[in-house]
Amino acid sequence: MPTAASSTDTAPVAREGLVAQTRRAVADVGHLVRFRTASLRRRRAGVVALGAFVLVTLGAAVVPAFVAGAGAGSGRALDLLLLLPTMLTGFLALTIVSAAASGGGRELLARDPAAVHPISPTTDHLGALLLAPLNIAWLLQAWALLAVTAYALGPELYLAQAQVVVVLWLGAATAVAQVLAWILEGVRRVPHGIVGIRALTVGVLGATLGLQISGRLLQVFDDLPTRWVVVGMVSDSVGRWALTVGVVLATFVGAVVLGAVPAHIAAHRIPQDELDVESGHHPVRRLSRTTLGQLVRTDRASVWRAVPMRRGVAVLALAPGLVALAGNLPWAQLTVLPGLVASGGALLWGVNAWCLDGRGGLWRESLPVAPETVFDARAWVLGEFLLAASLVTVALGAVRAGLPSVAELTALVCTLVVVTVQVVAASLRWSDQRPFAVDLRSARATPAPPIVMVGYSARLALSTTVTGLAFSGLANVDAWQVSVLVAVPFLAWSTARLLRTRRAWCEPVARARVITAVAV
Amino acid sequence: MTETPAVVDVRSLHVRFGEVEAVSGVDLRAYAGQATALLGRNGAGKSTTMRVLAGVVPPTAGQVLVAGHDVRTETLRVKQAVGYCPDVGGLVPRATAWEHLQLAARLRRMDHWEDRARDLLERFELGDVAHRVTAGFSHGMGRRLSVLLAALHEPEVLLLDEPFDGVDPIGVEATFDVISDARARGACVLVSTHLRELAVQSCTTVSVLRGGSAVATVSAGEMAGEEGARAYRGLLD
C-alpha cells in the first residue's frame, strides 16, 4: 500500500499568518545584525565608536543650551528657532534623497550572500531602516538639529521635552523617507519607470527653483506643517506637547509598518538599470595608444557602468549645487562644496578602489604591466571622477554668484585641486590597508561595511571641511597669491602620502593580499 | 625520461598567508609540449600554486622558475610568458568580453589579434555576447571567456585553473582544443582541476597534491578508468 503523498493529493499547506510572518521578519533582523557584528574585526574600535556616538549626541543635545546667547528669545537664538521648521523639513528631504539614491537603503547582508537565505523583504526594509543612521550626512544633520534646538531654547524646561520630539522626528523622517524610497524604487523597476523618476526629479527641482526665483520659497517654508511640530515641542501645554509626540510617534510606527508593502513590491520586480547595463551592447572603441590609456579606459568603464556610482555621483554633484544655487551662495562659501562632493564621491567606490575589478582582479594581476601604471590609472580615474562631480556642483553654484574676484577664483581652484588630491590619497591608502570583496552591481551596495563607511566618511568630512574653510577665509584676502602659497604644503603633504601608498602597492606581497582579498 | 629542461620548475614551494600555510613544499616540473594536470581535493594548494606560477602571488619560500624566469625577481617576464585562467571569476564585471580582449592585446603588445580573437569567440560560442559586460554572463560563459583570454596570445605557458568547472560539453570540447593546440605548438600546459576524468582526457601527466604538497606525479594513463579512480582515492586519503 503506497504511503507517499501523491501529486494529486491536496496536502494541507502550513501558511504563516501575517503576524507570525512579521514576527519572524523582525527576529531575522536580529539574526542578521548579530551575524554582521560577529564579523567585526575591531570590536574594541566598535565599542569606542558607539561610546563616541552617544557622547557626541548628548553633547549636541545639551551643550549648546549653555552657550552665551542661547535661549535668549532674540537675536541668533530666535532666528534659529524660526528656522527650525525648515530644518526639520530639510532633514526629511535629505533622508529621502539618501534612501532613494541608494535604491531603498543599505543592506544588512549583501544581495549575493543573502540570496541563499529565506530573508523577507520586510527584514530587508527593517534592516535598511536600521542602517540609515550609519551615514555621516544623516549623523551631521541629526546632531545639527539637536544642537540648534538646544541653542534656540537654552537651558529651560522646554529643552528636554523639545529634544524628545526632535529625536522622534529623526526616526519618523527616516521611516517616511524609507517608504518613499521603496515606492520610487518600485516605480523605477517597471518599464519606462526610470524615465518617469527622472521626469519627477526634474519636475521637483524645477518647481523648487521656480519658487526660489519668484521669491515665494520663503513663504512655502513658513507654511510648512513642521511649524506645527515646533510649536508643539515648545508648548506650555502638556496636552499639546503630548499630542505632538503622539502624532510624530504614530507617523514613525505607521511608516515603519507601511514601508514593508512597497519593499515587497520592489523586491518582486527586476532592477531595470542593472538589467540595462548587463544585457545591453556596448559599442567597440579603438585601442588606446598607450598602456596607461587602455587601463584608464577599462577602469573608467567599470566606474561609469556601475549603477550605484552613476546614481550616487548624480545626486552628489547636483544636490549641493542646487542648494548653493537656491541659497545664492557667494564665491567665498562655494569653496566648502568641493570637499563635500569629493568626500561623497570617494565613498561610492574610492575607499575600496581595487574592488572595481571584482573577481577579475586575479586575471588583471596576471597581465604583464608594471604595478605603478595600474596604480596611476586607478588614481587618475578616481581623481577625474571626483573632480567632475565637484566641477558640476561649483558650476551650478556659480550661476547666481556673479563675477568672482581673482582672489575668490584662485581660492576655489586651489580648493578643487587640494581636496581632490587629498581625497584620492586617503581613499587609495584605505583601499590598500583594508580591502573588501564587494559586488558593486546593486544601487544598494557600498564599498565597505556600514560601520567602516561611517569612519571613512567622518575622517573625509573633517579633513575636507577644514580645507574648504581655510580657503574660504583666503578667498577674502586680496592677494590671490596667498591661496596658492597655502595650497602648496597641502598638496605636498597629500602627494607624499599618495606616493607612499603607490610604493606600498608595488610591493608584491602587499599587492597579492589586496588582490586576493577583493577577488574572493 | 625527458632530458629537456622543464619550462615550469618548482622546488620546495611554500606559500603562507598569515597563520595559514596554503602550500607546503610543492615540487613540480612541467615540460614544453606536455599538459600536466594538478589534481587534489579542495584546499590542497592547487590554485595557490597556479597563482604563484602566474606571478599573482609571490612565494614565501622555495624556487619557482617559469619559462626560465624567477617569479620572485622577474615577475613581469613571467607574466609575459604565461596565459592564466584564474579559478574564481577572472573577469572584470563591468567590462565587455571584447574590452577584456583589447586590454590583454594592448598590454601584451599584440598586433593583428582581432581575427584570432573573433575565431576564439566563435569556437567558445561567445561571439554573440562579445559586446556585453561580463557581469551578465552565466558561470559557464565566464569560465569559457577566462580560458579564451588565457589562450589569446598563444603563451609559452598556459595555466588553466578549474577550466571545466560548470562548463557545458561544447565549452569542454573547446577547452580540450585549446590545450591540444597549445601542446602542438610546444607550449607547456598546466591544468588544475578536481575532475579526474577530464584531467586524464586532456593531459599527459598528473600531479596529485594533498595538504599543500605534491604526493605523486604519474602519467595520465595511470589515473584513467576504475583502476585510476582507486589509485587517486588512495592518494587522497
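1. A residue counts as buried if 20 or more other C-beta atoms lie within 10 Å of its own. Keep that cut-off in mind for helix α5 of chain A, residues 121-131. Ten of its eleven residues are buried, so the helix is largely enclosed by the rest of the structure. Note that this is a predicted model.

2. Which residues of α5(A) are buried? They are Pro121(A), Thr122(A), Thr123(A), Asp124(A), His125(A), Leu126(A), Gly127(A), Ala128(A), Leu129(A) and Leu131(A). The cover over them includes α1 (18-38), α7 (157-188), α11 (238-258), α12 and α21 (450-474) of chain A.

3. Next, the domains. Chain A is split into domain 1, residues 64-278, and domain 2, residues 288-520. Their centres, taken over C-alpha atoms, are 28 Å apart. Contact between them involves 21 residues of domain 1 of chain A and 23 residues of domain 2 of chain A.

4. Look at the side of domain 1 of chain A that touches domain 2 of chain A. Helices α3 (75-101), α4 (111-114), α8 (193-213) and α13 of chain A each supply at least two of its residues. The largest share, four residues, comes from α8(A). By class, the residues on this side of domain 1 of chain A are nine nonpolar, six polar and six charged.

5. Pro271(A) sits in the loop between α12 (260-267) and α13 (272-279) of chain A. Is Pro271(A) buried or exposed? It has 21 C-beta neighbours inside 10 Å, so Pro271(A) counts as buried. Along the chain, Pro271(A) and Gly103(A) are 168 residues apart. Their C-alpha atoms are separated by 9.4 Å.

6. Now a helix pair in chain A. Helix α19 (residues 371-398) packs against helix α20 (residues 406-433) at an angle of about 140°. Their axes are 10 Å apart. An angle over 145 degrees would count as roughly antiparallel. α19(A) and α20(A) are therefore oblique to each other. Their crossing is right-handed.

7. What makes the contact between these two helices? From α19(A) come Ala379(A), Leu382(A), Gly383(A), Leu386(A), Leu387(A), Ser390(A) and Val394(A). From α20(A) come Leu412(A), Leu416(A), Thr420(A), Val423(A), Val424(A), Ser427(A) and Leu428(A). The contact of α19(A) with α20(A) has ten nonpolar and four polar residues, and no charged ones.

8. Chains A and B also meet. The contact takes 35 residues from chain A and 36 from chain B. On the chain B side, α2 (75-81), β6 (82-85), α3 (97-107) and α5 (139-151) each supply at least two residues. α3(B) gives the largest share of that side, seven residues. By class, the side of chain B that touches chain A has 20 nonpolar, ten polar and six charged residues.

9. Two backbone angles in chain B deserve a check. Most residues other than glycine have a negative phi. His112(B) has a positive phi of about 50° although it is not a glycine. Glu162(B), also not a glycine, has a positive phi of about 50°.

10. Where do these two residues lie? His112(B) is in the loop between α3 and α4 (114-123) of chain B. With 7 other C-beta atoms within 10 Å, His112(B) is exposed. Glu162(B) is in the loop between β7 (157-161) and α6 (169-184) of chain B. Glu162(B) has 22 C-beta neighbours inside 10 Å and therefore counts as buried.

Key: Residues numbered from 1 in each chain as written. Chains lettered and ligands numbered in written order. Predicted model: local features only at pLDDT ≥ 70, side-chain atom pairs only at ≥ 80, totals over all residues. Axes fitted to C-alpha atoms, helices over the stretch in contact; angles between N-to-C directions. Parallel < 35°, antiparallel > 145°, perpendicular 65-115°, else oblique. Left-handed = near helix turned anticlockwise from the far one by under 90°. Contact = placed C-beta atoms within 7 Å. Nonpolar A, V, L, I, M, F, W, Y, C, P; charged D, E, K, R; others polar. Buried ≥ 20, exposed ≤ 12 C-beta atoms within 10 Å, placed from the backbone. Domains from an automatic or database assignment.
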